[in-house]
Amino acid sequence: MRNVILALVFSQVYPFAAAADNSSFPAVFDTQDPGDGLTSPEKTLQGIKVPQGFHVSLFAAEPNVRQPIALAMDDRGRLWVAENYTYAERPVQFEKKLHDRIVIFEDLDGNGEFDRRKVFWDKASKLTSIEVGFGGVWVLCAPHLLFIPDRNHDDVPDGDPVVLLDGWNADTIGHNIVNGLRWGPDGWLYGRQGIMGTSHVGKPGMSLLDRTKMNGGIWRFHPTRKTFEVVAQGTTNPWGMDWDDHGQLFFINTVIGHLWHVVPGALYERMFGEHLNAHAYELMQQTADHFHWDTSEWWHDTEAKGMTETTDQAGGGHAHAGLMIYLGDNWPDRYRGTLFTANFHGRRINNDRLARRGAGYVGKHAADFLTVEDPWFRGIELCYGPDGGVYIADWSDIGECHDTDGIHRTSGRIYKVTYGGLDTCPAVDLAQMTDAQLVELQCHKNDWYVRHARRLLHQRWAAGTDATEVERSEIHRMLLTMFETHTDVTRKLRAMWCLYVTGGTDEQWLIRQLNCSNEHVRLWAVKLLVDQETPSASVRDALEQLAKQESSGLVLNFLASALHSLPTGQRFKLASAISSHEQFADDPALPLMVWYGTEPAVVGQAEQAIELSAVSQLPLVRRHIARRLTYEIKRQPEAVAKLVGLLDDQHSIRFQQDILDGMSTALEGWRKAPMPNGWEDIARGLRKSPDEKIRQFERELSLVFGDGRAMDELLEIATGDHNLDARRVAIHALVAARVEGLVSTLLKLLEDPDLATDAVRGLSAYNDPETPGRLIERMRYLPSSAHDEVINVLVSQPAYARKLLDAVAAQKIDRDLVSAFQLRQMQMLSDAQVSMQIDKLWPELKKISADKVAKINEYRSALTAENLASADLPAGRALFDKSCASCHRLFGHGGTIGPDLTGAQRSNLHYLLENIVDPNATVAKNHRMTVVLLDSGRVINGVIIAQTQQTLTLQMPTEQIVIAREEIEQLQESELSIMPERQLEVLSSNEVRDLIGYLMSPHQIPLAPIRDGR
């Protein structure tokens, strides 16, 4: 048999040995009170209710399986189970004393119960998902995506796990952790992440600037190109997804709506917080037309008070895990293509039916498929196999989804649901089939065969099989024949996907499919044309032509998605063609997708954006373009003037409303804005409009362009139900005006996670005695992004600094949160009590009596060439990132407040030591610290980077701040460097070696793997 395994070569090895060793697997322990005791598997089975004709068997239970968090299947139909033991109750989050593992189960006689069990790997931590293919196992162990090679399929890892990607949030994110590996029809490996933390994903060693930022949603990774992409963003905690028969992806979610249709580039509603793009303006809502709980109740009432009758009737609760669109061949046809998900609190399997609507889909509620009496049942994953039977993983726990009451790790079950009798399924091993046989499987009714066969063909072509060119051409001929002759479009699509992953399509062939009579084929032609490289001019022309004549809203939706693949300057022709379809003006998806695709280009291509706003038949697009450009009114006044020019009486009232609405929303929080050229003439005409709404917009805008808004109006905007942009601008305006009594408002805004950082920055402008205590009190409740801002405020004046140091001494604030820069700033306050507390809390920073030259020589003696050769360079980079990167840039990574070190004499040890041990010896003027005393009593330290007659701009480690000169009481330039002395003294000898070794490295070093006790 040919070698079909793809040789995968990657750059970093996971720190634990690969082979499973049951003797060293840590003993599992429970932290949850089991109450009246765990229900036996047999009793649970008796309490499972399914429709007539279905049969439920107990496939596996504790102790053979425990904590099953994810399922996958190999090409032999065996069930692979990820067991997660490290997940822990708050505040532990993840238990470092334990390991997670991957276990293989096999049912040899087809009776619905496993007969053979084997541990594949037991050295994991934070394991949430597995998938099989391409000669090994793909594993998510945050912060890593791992690949464990098993090229000979002997169920023993060939070597250590290899890190493909890292950077996923692994500590603060809790149960929103990265999860969900699944192969898509396009050959990519898909996954998910919740919104409780921000990840910076990239290949090992990649700089922060080159990484992809993600804060909840769907992502994908290509197994051969090694490219990572964020697909769609938002929701709460997606924990299940599947593709329908047309290759449309849907995922399941919690709290705010359970069902979501994936269109690349979509921005979905979030449970809380903002999207990374602050100019999204509006977000897409869920695909379902219903909720599985009574929305008049709080989402957490089911946990605290039990389930009400109305929530029970609606579907059981807000929390969902696992999603399966059934495309097997065992269950009755009435279930085919419908969606199933485990309702966590409702102890049931919900069933939704999918239907086309407008430019997308709608999910309709159907009767719940399965219910379970056992209070321990916590369904978490489901999938179907080669016999069409469905496996359901049961986490088996009596806690709610956050597990604040502890974890019951010693339990877990897997059930199997089949229809009719348990007919023995013939043994399968698709890897032993020929390419031609795998092609034939593309017409199988059970999509399990279809998907596995497609992935095998993909990996064989990627590996460079021993098939001849003639044999490869024959496979492509078979697939083309299937595509051209089959009357079932789902079979055409299967052939199309196989052709694509095996290199059987080219640009011209895909362009021809844009003329197909079926919307799904046209849609997939669009997707595949923009799947790899920047689309060619021929592709752009073809997409623009299709958009002009397209009648399917679904195809238009994916054409809008394709905008993200085009350079920003080339997006407007396609956007204009899509926007010409007035019949979709009120569609819940298409106008938003056009906006998401054009927004990144609006400011840089203002004239084209204005032209689009003039011709668009989608009011939302016009309204948001006006809002985005008006937001830049100070930087691009000429663009806003051209926008205003569109408000003449040549356009309809609806058109004028859209432009004025966008402008008004953009300036909602502004007290005063510069008047655009031509506004006065246009305003006179608007005042005569027969439409009261237009006259109202004119009055509001003329006020902002004239005398400005009253402060009480700004206060209402800052605290009222307005968009976040408007509230932030209003807060900034109120602080800049030093409005009296604002401190109490800012303190209240600390409770709003979206505005907490803005509130902290506002408080820094007021010398209020209540501020330090309230900030310290609220610190642990604030988002992590606000922590450094809090410290910046607390180090700004002596009274505040004393409060901060008292809190550090009382261990209310971790001393590690106070940076070296902030310590220096407190030392510059010249307050004896503050200096004494710093010496006590940071004794390693006390003054030394030894001469600096002697200290340099001491380091030179220790840092011999032999010693430096043994330096742990990744650990050294981690130290640089922690202590130096906020000010210094090296290899394109880091801050700019200090000199760029990349071109410095870093290979000269004496030069390095002299500048680190005695940073004040030679300080360039543009890197000296300036101490600014404000008339409010606040002290600010930084480097002056710009000055005018009215203002002074200071660069600080995390931000730039502009200060009005009239607020400055005293300005003093220090002879000292902004870099603190004695930085090396707080490090161990090995850490000094590692840091210096990294600084002397001629090239960038990969980041050290995060071990977390693995």
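In this predicted model, the count of aromatic pairs comes to 40. One of them joins Tyr-281 and Trp-595: their ring centres are 5.7 Å apart and their planes stand at 15°, which is under the 30 degrees required, so the pair is stacked. Tyr-281 sits in the loop between β21 (267-270) and α2 (301-305), while Trp-595 belongs to helix α13, so this pair ties together parts that lie 314 residues apart in sequence.

Are the two partners buried or exposed? Tyr-281 has a relative accessibility of 17% and therefore counts as buried, the limit being under 20%. Trp-595 is buried as well, with a relative accessible area of 0%.

Aromatic residues also gather in a cluster, formed by Phe-54, Tyr-326, Trp-331, Tyr-335, Phe-340, Phe-369, Tyr-384 and Tyr-419.

Two packed helices are described by the angle between their axes and the distance between the axes. For α13 (residues 590-602) and α15 (residues 619-631), the axes come within 9 Å and cross at roughly 25°. Angles under 35 degrees count as roughly parallel, and α13 and α15 are therefore roughly parallel to each other. Their crossing is right-handed.

Which residues of α13 and α15 meet? From α13 come Pro-591, Leu-592, Val-594, Trp-595, Glu-599 and Val-602; from α15 come Leu-620, Val-621, His-624, Ile-625, Arg-628 and Leu-629. The residues of this contact divide into nine nonpolar, one polar and two charged.

Notes:
Residues are numbered from 1 along each chain as its sequence is written. This is a predicted model: local features need pLDDT of at least 70, side-chain atom pairs count only at pLDDT 80 or more; totals for chains, interfaces and linings use all residues. Side-chain values use heavy atoms; hydrogens and water are left out. Axes are lines fitted to C-alpha atoms, for helices over the stretch in contact, and angles run from 0 to 180 degrees between N-to-C directions. Helices (H or I, at least four residues) and strands (E, at least two) are DSSP runs, numbered from the N terminus. Angles under 35 degrees count as roughly parallel, over 145 as roughly antiparallel, 65 to 115 as roughly perpendicular and the rest as oblique. A crossing is left-handed if the near helix is turned anticlockwise from the far one by less than a right angle, and right-handed if clockwise. Contact means heavy atoms within 4.5 Å. Ala, Val, Leu, Ile, Met, Phe, Trp, Tyr, Cys and Pro count as nonpolar, Asp, Glu, Lys and Arg as charged, and the others, Gly among them, as polar. Rings of Phe, Tyr and Trp (its six-membered ring) pair if their centres lie within 6.5 Å; planes under 30 degrees apart count as stacked, over 60 as edge-to-face and the rest as tilted. Buried means under 20% relative accessible area, exposed over 50%, partly exposed in between (1.4 Å probe, protein chains only).
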